[in-house]
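Here are some notes for a colleague who is meeting this structure for the first time. Please keep the model open while reading.

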Amino acid sequence: MSRRAIGGLAVALAVLASPVAAQVAQPRYTSLTVFGDSLVDAGNIRTLGFGANPAQGYFNGRFTNGYDYTDLLSLRLYGTATVASLQGGTNFAFGGARATTTSNVPDLVEQLGLYSGYLATGKAVDPNGLYVLNFGGNDIFAAQAAGAPTGFASDSAFLMNAATTYAGGIQTLSNLGARNFLITGFPVATGDGLSLSIEAEGYLSTALGNLNLAPGSTLYRFSYLDFFQKITTNPTAYGLPANLIQPDPTRADGGTCQGAAAFPACTGYFSFDGIHPTAAVQQAAFNEMNRQFNLTGAVPEPSMWLMMIVGAGAVGFAMRRRARVVTTVRFA
């Protein structure tokens, strides 16, 4: 390397180590909007007077004993938990919601309609925001019931509709101007739920592959199936006890925190009530998502960018090279 190149690199390193570069950076995403079911409901169902009864150990309208992963993401990014849309926030999730438009609560398409109503009040789609979609569990429950769900010829047809509608929600948001998405896969239910979830995941992969997102879009896909299997076989790797208690109908407490009246701590339990994971598992899910996708990694302040550009320019001048900028849609 020439003296000029070495000198340019030294300038760049000095810039990055300067007080300007050390100043507080901005969050990667400037807002967080959530659509989903009870795994991420911040209090919409409770606001309506149903479910998540605090007398049964549920926390602040959540269907567990603490904050869920979207709350933890919001807390890390902005210092506050998500707020239910019925309370004026941008968490449109409702406990019991499905990807298909087949339940008695606002499902995905209806939640998107609520979001459109929110935009109609003078709000704007934030292209730098993160949009989370968390559905599928209630669709799996519906497919597990005897016979095909009403209006569908088979469970497979129902799950294909669920997956197609699920992916279509991302396309709808993209068409509105959203650019950053986090979608969770179908979680596994008990009994034959695993085979149904795997089937639905296949349909979802196909549907996601058919999306036509705007250039520069980022789509993160988090696999509940993979995550739950990993924490079941090796819970300590995710900060959970080695003897993590799983739901078990042969136990007096059913293998749940609620059954054991062990809330609010729920120490050692995977499930809060037999359906929803405890806050500790939600924390583990957030940690894993953040590890995989770096959701809370900060971006530099404008002045920091300027200094970095100056430093990078020094290196570029010294080495007489030009960098290319590539715009991609990234699936993770």
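**Notes on the model**

1. Surface. The accessible surface of the chain is about 15500 Å². Carbon and sulfur atoms hold 58% of that surface. Areas come from the Shrake-Rupley method with a 1.4 Å probe, and for residues only the protein chains shown count as cover.

2. Basis. This is a predicted model, in which local features need pLDDT of at least 70 and side-chain atom pairs count only at pLDDT 80 or more, while totals for chains, interfaces and linings use all residues. Residues are numbered from 1 along each chain as its sequence is written, and side-chain values use heavy atoms, with hydrogens and water left out.

3. Overall build. The chain has ten helices and five strands. These are DSSP runs numbered from the N terminus: helices are H or I with at least four residues, strands are E with at least two. Of the 332 residues, 48% count as buried. Buried means under 20% relative accessible area, exposed means over 50%, and partly exposed lies in between (1.4 Å probe, protein chains only). Among contacts with a separation of 6 or more, 68% join residues 24 or more positions apart. A contact means heavy atoms within 4.5 Å.

4. A nonpolar patch. Leu48, Phe50 and Leu86 form a nonpolar patch on the surface, with about 310 Å² of accessible area together. Patch residues have over 30% relative accessible area and no salt bridge; nonpolar side chains (Val, Leu, Ile, Met, Phe, Trp, Tyr) are joined within 5 Å, like charges within 9 Å. A salt bridge is a side-chain nitrogen of Lys or Arg within 4 Å of a carboxyl oxygen of Asp or Glu. Leu48 sits in the loop between helix H2 (44–47) and helix H3 (69–78). Leu48 is partly exposed, at 45% relative accessible area.

5. Aromatic pairs. The whole structure has 21 aromatic pairs. Rings of Phe, Tyr and Trp (its six-membered ring) pair if their centres lie within 6.5 Å; planes under 30 degrees apart are stacked, over 60 edge-to-face, the rest tilted. Tyr115 and Tyr118 are stacked because their centres are 5.9 Å apart and their planes at 20°. Both belong to helix H4 (residues 108–119), three residues apart, or about one helical turn. Tyr115 is buried at 2%, whereas Tyr118 is partly exposed at 23%.

6. A second pair. Phe135 and Tyr166 are edge-to-face, 5.8 Å centre to centre with 80° between the planes. Phe135 lies in the loop between strand E2 (130–134) and helix H5 (137–144), and Tyr166 in helix H6 (residues 155–176), so the pair ties together parts 31 residues apart in sequence. Both residues, Phe135 and Tyr166, are buried.

7. A ring cluster. Ring pairs link Tyr115 and Tyr118 with Phe35, Phe92, Tyr131 and Phe181 into a cluster.
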